[in-house]
Amino acid sequence: MGTVEAANKDANGSLLEKNPTVVFVLGGPGSGKGTQCANIVENFGYTHLSAGDLLRAEIKSGSENGTMIQNMIKEGKIVPSEVTIKLLQKAMQESGNDKFLIDGFPRNEENRAAFEKVTGIEPAFVLFFECPEEEMERRLLSRNQGREDDNIETIRKRFKVFLESSLPVINYYDAKGKVRKIDAARPIEEVFETVKGIFGPKNEKVNHYVRLMSKLYMYKFHFVSKTKIGNHCLPC
């Protein structure tokens, strides 16, 4: 078991060496974050990673891991954070990029703590799309995508889950000055104008400082981890 842990740490080390910039993208269902992520990818060169899409792709692949995920979902169980994080890490390593939008993750405090512990990465900031529940409800009911969960009862359940699980994550990063709140009730073009102000050149100095601080944190984490491996402190 110790050698597996060591291999995982080495693989993670290769990701840390890229000094990645990670932005968590959060917002309730119907807040429009998916549309804005596409705009950010097109204009600022980020790679968009959706935790939900990665899980669905793994299930579709028919792999042993995918079958396990599918069975857990069917049984109403929560997929362990480590499983989702492993898929995110793999996608980040294979992308060839060093700037990532992680959409819809972390979904709760346990996800957040696990991501930072496993990867050694803190997000540069959290992009939070604020939108009144009534507006998100209107958008979801009016869109014609044939989604089974776009009915009033399930929509309201999704709102409730988001408020209960994701807001503590937002509050945690807000206390650290890392939350960028966006008024997402406006038209798409107006919302993106605000988004551009966050990702644009005028914030390069701030972003550079954040990357430097994140790099120091990541290398400290990786050095301590490797030291523990060398001293056989990891569980077997």
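The model is predicted: local features need pLDDT of at least 70, side-chain atom pairs count only at pLDDT 80 or more, and totals for chains, interfaces and linings use all residues. Residues are numbered from 1 along each chain as its sequence is written, and side-chain values use heavy atoms, with hydrogens and water left out.

**First annotated site**

- An unreviewed UniProt entry gives a "binding site" covering Gly30, Ser31, Gly32, Lys33, Gly34, Thr35, Arg143 and Arg186. UniProt positions are in the numbering used here, feature names are shortened, and annotations may be inferred rather than shown by experiment.
- Lys33 sits in helix 2 (residues 33–44). Helices (H or I, at least four residues) and strands (E, at least two) are DSSP runs, numbered from the N terminus.
- Lys33 has a relative accessible area of 17% and is therefore buried. Buried means under 20% relative accessible area, exposed over 50%, and partly exposed in between (1.4 Å probe, protein chains only).
- Beyond its neighbours within four places in sequence, Lys33 is in contact with Val25, Leu26, Gly27, Asp103, Gly104 and Phe129. Contact means heavy atoms within 4.5 Å.
- Arg143 is in the loop between helix 7 (133–142) and helix 8 (152–165). Its relative accessibility is 27%, so Arg143 counts as partly exposed.

**Second annotated site**

- Another "binding site" annotation from UniProt (unreviewed entry) covers Arg56, Lys77, Ile78, Val79, Gly104, Phe105, Pro106, Arg107, Arg147 and Arg158.
- Arg56 belongs to helix 3 (residues 51–61). Arg56 counts as exposed because its relative accessibility is 52%.
- Lys77 is in the loop between helix 4 (64–74) and helix 5 (81–95).

**Aromatic pairs and a charge over a ring**

- The structure has eight aromatic pairs. Rings of Phe, Tyr and Trp (its six-membered ring) pair if their centres lie within 6.5 Å; planes under 30 degrees apart count as stacked, over 60 as edge-to-face and the rest as tilted.
- One of the pairs is Phe24 with Phe115, edge-to-face at 5.3 Å centre to centre, with 75 degrees between the planes.
- Phe24 is in strand 1 (residues 21–27) and Phe115 in helix 6 (residues 109–119), so this pair ties together parts 91 residues apart in sequence.
- Phe24 and Phe115 are both buried.
- One aromatic cluster is formed by Phe24, Phe105, Phe115, Tyr172 and Tyr173.
- Arg112 places its charged end over the ring of Tyr172, 3.6 Å from the ring centre. A charge sits over a ring if NZ of Lys or CZ of Arg is within 6 Å of the ring centre and within 35 degrees of the ring normal.
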